[in-house]
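Subject: Structure handover

Hello,

Please find the structure below. My notes on it follow.

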Amino acid sequence: MRIQDASAFFSTALAYLSLLWGVAAGPQSFVAAQAPVAIVERLDNGLSQITSQHLKLVTDLPVTPEITDLCKMFDQAMAQWGKEFQVPRSQWIDGQATACLIVDRKRFTDLQYITPEVPTFREGYQLQDRLFMLEQPSAYYRRHLLLHEGTHWFLWRFLGGNGPPWFSEGMCEMMATHQWSEQSGSLRMNWIPTDRESAPLWGRFKMIRDAMASDTAPSLDRILQYSDTAHRTDEPYAWSWAAMIFFSKNSRYRNALYENFLPNLRSHVGSEHKLTQDFKDRLQKQWPSIQAEWTAFVNDLDYGFSPKHSLPEIDLNVLKPTSIPNHVTIESERGWQSTGIRLNQGDRVSITASGSVVIREASPNPWESEPQGISLQYHQGFPLGKLIAIVVPIDAPENESSTTARLTPFAIGKKHAWTSNLSGVLLLKVNEPSAQLFDNAQAFEVNSN
Ligand SMILES: [Zn+2]
């Protein structure tokens, strides 16, 4: 049996019907209702169907408020997709997808919801206006999967294509990572989780940290070249997501990304990888700097990462050798910041830092810290507030390194002199978890010779 279409909806004999939002009344009031409305019915085939303005959800699960909320959430997602992808409301307002939320895959195959052209999928799949999702062990991840497949659908339906694998999966993962308020029934997509509990079983940060710890993190160039079959395991989703955060939330690259991809998705169906090449060509002059920024970014990526505060900016075209005295201001509310100093292995480096910063200025008990830090609390093995450093390698071979280097922070404090055993650009920051930088104030003044 095919999924019933909307015109057949009201004439269907309903096993039960309920209006979940809006005024409790007969079916006709559904059309006129102002609030988002979803209608639940039991189909003749024994499955349940929930219908809202933009989604028809068919499931073999018991229909609980958590399940009906999926439709309410999807209706809100439409406006957020429209805004992010610059599709005017008039173009998407009549769109509706059909989603199957599946416990028993065989049952959906027997009932011909899963038709022969649907490949055997892992967790979810989008085929034209149809979305397929296996039931998930957490409410968060169930919603996430629907938003992920929904993003594929929106890109396909209203922009004509999904682009290359890193772009498509990265965009879907970025948009699907969300906050949902059960109380107010409101959705915030395109969100970076602040802690593990806020996105149970999402696990992208852990995958990234585990790969960094085992030196198997792919380079940015490798991620951008992911093939059509790369996303058969979870890790490529995490890396595509990270690449999308890196580009789309960076004011220096966002326009290049969106201008290059969004208007050209339709014309590049079948030649998706060309879009990535065009994007890299457009940023060719900055690409070595971008690779260095990526390395610093990935080494810092964790729950609560704030692109606004922590996306690094490294310009390799203006680096100075260690022999030239240098002054730089290191802001306490920002992540890794370039000193503009280029180190070569064997260079003798001497750095002095002065001034004081305020950690957690917004809290009732702000702490003032000098460059040596406050030894009341530690992060990464150093006192909070201490001035710390990394060296980002910049001499990757021309044919591009295949992994992203793991960097080991070291202490600077008030004064540090050392002989460098690393080559690269020197970055500094005030030691604190990424999630807590935003409420700091003031800066350290740093001199080197
Ligand atoms: Zn996907």
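Ser138 counts as exposed because it has 12 C-beta neighbours inside 10 Å (buried means 20 or more other C-beta atoms within 10 Å of a residue's own, exposed 12 or fewer, partly exposed in between, with C-beta atoms placed from the backbone). This is a predicted model, in which local features need pLDDT of at least 70 and side-chain atom pairs count only at pLDDT 80 or more, while totals for chains, interfaces and linings use all residues. Residues are numbered from 1 along each chain as its sequence is written.

Ser138 sits in the loop between β7 (130-134) and α6 (139-159) (helices are DSSP runs of H or I, at least four residues, and strands runs of E, at least two, numbered from the N terminus). Beyond its neighbours within four places in sequence, Ser138 is in contact with Pro200 and Leu201 (contact: C-beta atoms, placed from the backbone, within 7 Å). Its C-alpha atom is separated by 26 Å from that of Ala243, 105 residues apart along the chain.

Ala243 is among the residues with the most contacts inside the largest nonpolar core, which has 107 residues (a set of buried Ala, Val, Leu, Ile, Met, Phe, Trp, Tyr and Cys joined through C-beta atoms within 7 Å). Helix α10 (residues 235-248) gives the largest share of this core, ten residues. Setting aside neighbours within four places in sequence, Ala243 is in contact with Trp166, Gly170, Leu220, Ile223 and Leu224.

Regards

Definitions and conventions: Two residues are in contact if their C-beta atoms, placed from the backbone, lie within 7 Å.
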